[in-house]
Amino acid sequence: MPFHTKSHGVDVGALRRGIVKATALAKAAGLDVIYLLPSFANADGDALVELIGKSAVETFKKNRETTINGVRFHMETALKKRTAGPAIVLAMNISLEQLTKAQADHRTADLVYIIWSDVELAQYEAANPSSVAI
């Protein structure tokens, strides 16, 4: 079952809810999390820095892997895949086109989408009526 946030722009609370949900899903299924971004330039965003700290984010960006609450997170973009999967996908700031590709990816066991704008939210909810807001 997919999940999404009702958020707008940089939203620390939405990212926190997304990480909590992705971590819970991953732990329950014994899977890792793919932290999917539009590009690695987006990896050190303010919301993630606020949640896990600047040093942890820099290490995550450099190694493309970290552990949060006992779950391994792999940082990926649509072009740079790191893990064979299956995995829980935590998608942040990606376009709806990229999201559709992630949903179709054989590695995606479940999805948590951090919405960036009201327009994306409306389009996402129309295309994914079974998605649960977190």
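**From an exposed helix residue to the sheet**

Author: Aspartate 46 has its place in helix H2, which covers residues 46–52. In this predicted model, aspartate 46 is exposed, its relative accessible area being 60%.

Leaving aside residues up to four places away in sequence, isoleucine 19 touches Leu48, Leu51, Ile68, Phe73 and Leu90. A further relation across the chain concerns isoleucine 114, which is 95 residues from isoleucine 19 in sequence but 9.7 Å from it in space, taken from C-alpha to C-alpha.

The sheet itself comes next. It is open and consists of 7 strands, which follow one another in the order E3-E4-E2-E5-E6-E1-E7 with mixed pairing. At its edges are strand E3 (65–68) and strand E7 (132–133), each of which pairs on one side only. Helix H1 (residues 12–29) packs on this sheet and touches strand E1 (3–4), E2, E3, strand E4 (71–76), E5 and strand E6 (108–114), while the direction of the helix makes about 170 degrees with that of E6.

Strand E2 (residues 32–36) and strand E5 (residues 87–92) run parallel and are joined by 5 bridges. Isoleucine 34 has valine 89 in E5 as its bridge partner, and tyrosine 35 has leucine 90 in E5 as its partner. E5 is joined to E6 as well, by 6 bridges, and these strands also run parallel; in that pairing alanine 91 stands opposite tyrosine 113 of E6. E5 is mostly covered, with 6 of its 6 residues buried.

A search of the whole structure finds 2 aromatic pairs. One of them is formed by tyrosine 113 and tyrosine 124, with 5.2 Å from centre to centre and 50 degrees between the planes, which makes the pair tilted. Since tyrosine 113 belongs to strand E6 and tyrosine 124 to helix H5, the pair ties together parts that are 11 residues apart in sequence. Both tyrosine 113 and tyrosine 124 are buried.

Tyrosine 124 also takes part in a contact between helices, in which Leu96, Leu99 and Gln103 of H4 meet Glu120, Gln123 and Tyr124 of H5. Sorted by class, this contact of H4 with H5 has 3 nonpolar, 2 polar and 1 charged residues. The axes of helix H4 (residues 96–104) and helix H5 (residues 118–127) come within 11 Å and cross at roughly 35 degrees, and the crossing of H4 and H5 is right-handed.

At the other end of the strand order, helix H3 (residues 54–63) lies across E2, E3 and E4 and runs at about 65 degrees to E4. The backbone has some points of interest in the loops of this region. Most residues other than glycine have a negative phi, and most peptide bonds are trans. Arginine 64, however, has a positive phi of about 60 degrees although it is not a glycine; it is found in the loop between H3 and E3 and is partly exposed, with a relative accessible area of 21%. Asparagine 69, in the loop between E3 and E4, likewise has a positive phi, near 50 degrees, and this residue is exposed, with a relative accessible area of 53%. Finally, the peptide bond from glycine 85 to proline 86 is cis, its omega being near 0 degrees, and proline 86 lies in the loop between E4 and E5.

Key:
Residues are numbered from 1 along each chain as its sequence is written. This is a predicted model: local features need pLDDT of at least 70, side-chain atom pairs count only at pLDDT 80 or more; totals for chains, interfaces and linings use all residues. Side-chain values use heavy atoms; hydrogens and water are left out. Two strands pair if DSSP finds at least two bridges between them. Helices (H or I, at least four residues) and strands (E, at least two) are DSSP runs, numbered from the N terminus. Contact means heavy atoms within 4.5 Å. Axes are lines fitted to C-alpha atoms, for helices over the stretch in contact, and angles run from 0 to 180 degrees between N-to-C directions. A crossing is left-handed if the near helix is turned anticlockwise from the far one by less than a right angle, and right-handed if clockwise. Ala, Val, Leu, Ile, Met, Phe, Trp, Tyr, Cys and Pro count as nonpolar, Asp, Glu, Lys and Arg as charged, and the others, Gly among them, as polar. Rings of Phe, Tyr and Trp (its six-membered ring) pair if their centres lie within 6.5 Å; planes under 30 degrees apart count as stacked, over 60 as edge-to-face and the rest as tilted. Buried means under 20% relative accessible area, exposed over 50%, partly exposed in between (1.4 Å probe, protein chains only).
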